[in-house]
Each structure stands twice: as structure tokens, then as C-alpha cells.
Amino acid sequence: MSQMSVATTLAKRSTSGERRTSLRVVTPQERTGSAWFPVLCIALLLAGLGAVLGLNTAMAQDSFEVTALEARTAELADTEAALQQSINDRSSPQNLASEARALGMAPSSTAAFIDIDKGRILGVATVAENPEGFTVDAAATATVDEQQSSQKTSSDDKAADSKDDEAAKDSDTSESTID
């Protein structure tokens with residue numbers, strides 16, 4: 001813009017009837033805003049810091065609680081494993097056989113099965129007698145040498161028993177009906 005057009009623009013503005021205010025000096029007392037604004041800012045800052053501190057404290061407390069719960073879980077898992085081992089030990093064939101023998105029970109050499117659908121008994125069961133030799137509960141206390149010697153004798157006995165088993169299979173296949 002040229003100087004002429006600026007002067008014309010200023011002249012047009014001044015003729016509009018608006019009165020210009022005069023300039024004056026501003027003192028520092030008039031420049032300051034409310035005294036509550038800095039107090040509000042500091043209060044908000046302190047509240048934010050307090051909230052962050054509270055959250056950190058809660059998280060740390062929760063972390064300690066999680067650690068304690070994990071330790072308790074590990075302890076309970078160890079207890080469960082020990083109890084399961086105890087159950088497995090008590091339900092082993094050796095312990096069951098010795099408990100059965102203490103109750104006066106004897107292992108059966110024959111078996112009979114009941115077919116519920118057809119109402120028949122398959123096989124012939126005989127009265128069990130106490131054996132005079134190697135039993136399951138004896139295996140729990142046997143040494144390695146005794147087990148090896150019993151394996152040699154049992155292999156000889158198996159050959160003789162195979163002939164007896166064939167004869168027993170023939171008698172086990174007989175059927176009778178349930179009354």
C-alpha cells in the first residue's frame with residue numbers, strides 16, 4: 001500500500017465518530033490479577049502429587065499382597081503334592097496286599113464275571129486259599145538278589161503254568177445263569 005492509501009484509510013476511520021481513548025500509565029498494582037489464581041494452581045499441583053503418591057502406595061501394597069498370595073499358592077501346591085504322594089504310597093499294590101492279608105483276605109486264583117445285560121455268570125469262581133510262596137507284599141521287602149533268583153524260578157514255573165492255564169481257560173468259559 002502506498003502512503004496515500006494509508007492516510008485515506010486513517011482519515012476514513014477517524015471520521016466515523018468514534019472517540020479514541022487516551023493512553024495512560026499502568027501501575028503494577030493494577031496489572032496483577034486475582035491473588036487466588038496462584039493459590040489455585042499450587043493446590044491443583046499438590047492434589048495431583050498426592051493422588052500419584054496414593055496410587056503408588058496402593059500399587060505397592062497390592063504388589064506385596066500378590067507376592068504373599070503367590071508364596072501361599074506355592075506352599076499349598078507343595079502340600080498337595082505331598083498328600084498325593086501319601087495317597088499313592090498307601091494305594092500301592094504292596095500296601096493294599098499287606099492290608100488285605102491283615103484283614104484275613106487271600107488272593108483268588110480264579111475269577112468269575114457277571115454279565116448284567118444277559119443275566120449270566122461267566123466262569124467259575126473257587127474259594128481262595130492262602131498261598132505258600134511268593135506274594136505281592138513279599139516283593140516290597142525282597143532284595144535284588146532274592147528278586148533275581150525268584151525271577152529264574154518263576155520263568156521255570158511259567159512253563160509249567162502255561163499248561164495249567166490252558167486247562168483253566170477251558171473250565172472258565174462255562175456259563176451259568178443268575179436266578
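Hi everyone, this is a short walk through one protein chain, from its overall layout down to a few residues.

Some ground rules come before the tour. This is a predicted model, in which local features need pLDDT of at least 70 and side-chain atom pairs count only at pLDDT 80 or more, while totals for chains, interfaces and linings use all residues. Residues are numbered from 1 along each chain as its sequence is written, and side-chain values use heavy atoms, with hydrogens and water left out.

Let me begin with confidence. The score is pLDDT, the predictor's confidence in each residue, from 0 to 100. Its mean over the protein chain is 75, and 60% of the residues reach 70 or more. Helix H3, residues 36–90, has the highest confidence at 95, whereas strand E3, residues 175–177, has the lowest at a mean of 45. Over residues 165–179 the pLDDT stays under 50, and the model has 20 contacts beyond four places in sequence for that stretch. A contact here means heavy atoms within 4.5 Å.

Now the layout. Helices (H or I, at least four residues) and strands (E, at least two) are DSSP runs, numbered from the N terminus. The protein chain has six helices and three strands, and along the sequence they follow the pattern α-α-α-α-β-β-α-α-β. Among contacts between residues at least 6 apart in sequence, 55% join residues at least 24 apart.

How much of the chain is buried? Of the 179 residues, 2% count as buried. For those labels, buried means under 20% relative accessible area, exposed over 50%, and partly exposed in between, with a 1.4 Å probe and protein chains only. The chain exposes about 16000 Å², with carbon and sulfur atoms supplying 60% of it. These areas come from the Shrake-Rupley method with a 1.4 Å probe; for residues, only the protein chains shown count as cover.

Let's turn to the transmembrane annotation. The unreviewed UniProt entry places a "transmembrane region" at residues 35–55; such annotations may be inferred rather than shown by experiment. In the model that span is 95% helix and 0% strand, and its end C-alpha atoms lie 31 Å apart. Ile 42, Leu 45, Leu 46 and Leu 49 make a nonpolar surface patch of about 420 Å². Patches take residues with over 30% relative accessible area and no salt bridge, joining like charges within 9 Å and nonpolar side chains (Val, Leu, Ile, Met, Phe, Trp, Tyr) within 5 Å.

Which residue forms a salt bridge with Arg 72? The partner is Glu 75, with the closest N and O atoms 3.3 Å apart. The term means a side-chain nitrogen of Lys or Arg within 4 Å of a carboxyl oxygen of Asp or Glu, and a search of the whole structure finds one. Both residues sit in helix H3, three residues apart, about one turn of the helix. Glu 75 is partly exposed, at 44% relative accessibility, and so is Arg 72, at 42%.

My last stop is a loop. Met 105 lies between helix H4 (93–102) and strand E1 (113–115). Leaving aside neighbours within four places in sequence, Met 105 contacts Ala 100 and Asn 130.
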